Amino acid sequence: QQGKAYSSLADIANKARNVMAVAFAGYGITEAVGAVIKTADAMTELNARLRLVTQSSAELKQVQMDLFRVSQSSGTSIKDNSEIYFGLGRATKSIGTSQTEIIALTEGIGKAAIVAGASTQTFKAAMFQLRQALESGVLRGQEFNSISEQAPRVLQAIGEGLGKTTGELRKMAAEGQLTTDVVLPALVKGLQSVNKEFDSLPTTVSRATTMVENSFSMLVARA
């Protein structure tokens, strides 16, 4: 089913790519160059951050390839996913979470945003709070409230992973029990249901267009 969905999404992406090519052709030289420069700057900045959470050039390249792969398979933004990976990479550095696990978490969290229908800015704000909480070692207070309000599907995944209700999670947060080493395994487990929900969603032109934007970003980054 996932292969079929990806094929369908790729078909839509090809159509979106043709539409965008026509639109891009209508750009003036100044606008076209400006778009390339803006994208190149954004990717350079993201790659610089990824270097901070990878150990070698080979590992950095692998992470970039994995992020592109999961972004294209789900139609989620490689820029947003890179930000999520960077945050998780920093937050989990002290507990030795593997690159494969961080990629899986990144993919699941990105899909959770689509399943929940969250706006990009709202979800980014919640992920910033989650990163801060995980880096500090415990999820509670303002960070917990932010995720509860702005990324409820992520909080639900934590609850599913722990077998707890939102109310029980709130109590655990107040008592300082939602530590990084508790939250991360719960997320890994709980996000499995998010993946199933995501696979049942219809393909959209918006997600297909994001795939085209991802390809353009990678093309510019490697130029």
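## The second largest pocket

On a 1 Å grid over the protein atoms alone, a pocket is an open set of points where a 1.4 Å probe fits, with protein on both sides within 12 Å along at least five of seven lines. Helix H4 (78-91) and H5 each give two or more residues to its lining.

Which residues line this pocket? They are Val53, Gln55, Glu59, Tyr85, Gly89, Thr92, Lys93, Gly96, Thr97, Ser98, Gln99 and Ile102, where lining means having an atom within 4 Å of a point. Sorted by class, that makes three nonpolar, seven polar and two charged residues. For the sorting, Ala, Val, Leu, Ile, Met, Phe, Trp, Tyr, Cys and Pro are nonpolar, Asp, Glu, Lys and Arg are charged, and the others, Gly among them, are polar.

## What you're looking at

This is a predicted model, in which local features need pLDDT of at least 70 and side-chain atom pairs count only at pLDDT 80 or more, while totals for chains, interfaces and linings use all residues. Residues are numbered from 1 along each chain as its sequence is written, and side-chain values use heavy atoms, with hydrogens and water left out.

The protein chain has eleven helices and zero strands; these are DSSP runs numbered from the N terminus (H or I, at least four residues, for helices; E, at least two, for strands). Of its 223 residues, 40% are buried, meaning under 20% relative accessible area with a 1.4 Å probe and protein chains only (exposed is over 50%, partly exposed in between). Take the contacts (heavy atoms within 4.5 Å) with a separation of 6 or more: 73% of them join residues 24 or more positions apart.

## Helix H8 and its cover

H8 spans residues 152-162, and its buried residues are Arg153, Val154, Leu155, Ala157, Ile158, Gly159 and Gly161. What covers them includes H5 (99-116), H6 (120-136), H7 (141-150), H9 (166-174) and H10 (180-199). Just after H8, glycine 163 takes a positive phi of about 70°.

## H7 against H8

How do H7 and H8 cross? Their axes come within 5 Å and cross at roughly 110°. The axes are lines fitted to C-alpha atoms over the stretch in contact, with angles running from 0 to 180 degrees between N-to-C directions. The two helices are therefore roughly perpendicular, a label for 65 to 115 degrees (under 35 is roughly parallel, over 145 roughly antiparallel, the rest oblique).

On the H7 side, Phe144, Ile147, Ser148, Glu149 and Gln150 meet Pro152, Val154 and Leu155 of H8. These contact residues divide into five nonpolar, two polar and one charged.

Serine 146 sits in H7 and is buried, at 9% relative accessibility. Leaving aside neighbours within four places in sequence, serine 146 touches Ala125, Ala126, Gln129 and Ala151. Methionine 172, in H9, is buried too, with a relative accessible area of 12%. With the neighbours within four places set aside, methionine 172 contacts Leu162, Lys164, Gln177 and Leu178. Its C-alpha atom is 8.3 Å from that of arginine 140, 32 residues apart along the chain.

Phenylalanine 216 is in H11 (residues 205-222). Is phenylalanine 216 buried or partly exposed? It counts as partly exposed, at 29% relative accessibility. The C-alpha atoms of phenylalanine 216 and threonine 39 are separated by 8.4 Å, though the two are 177 residues apart along the chain.
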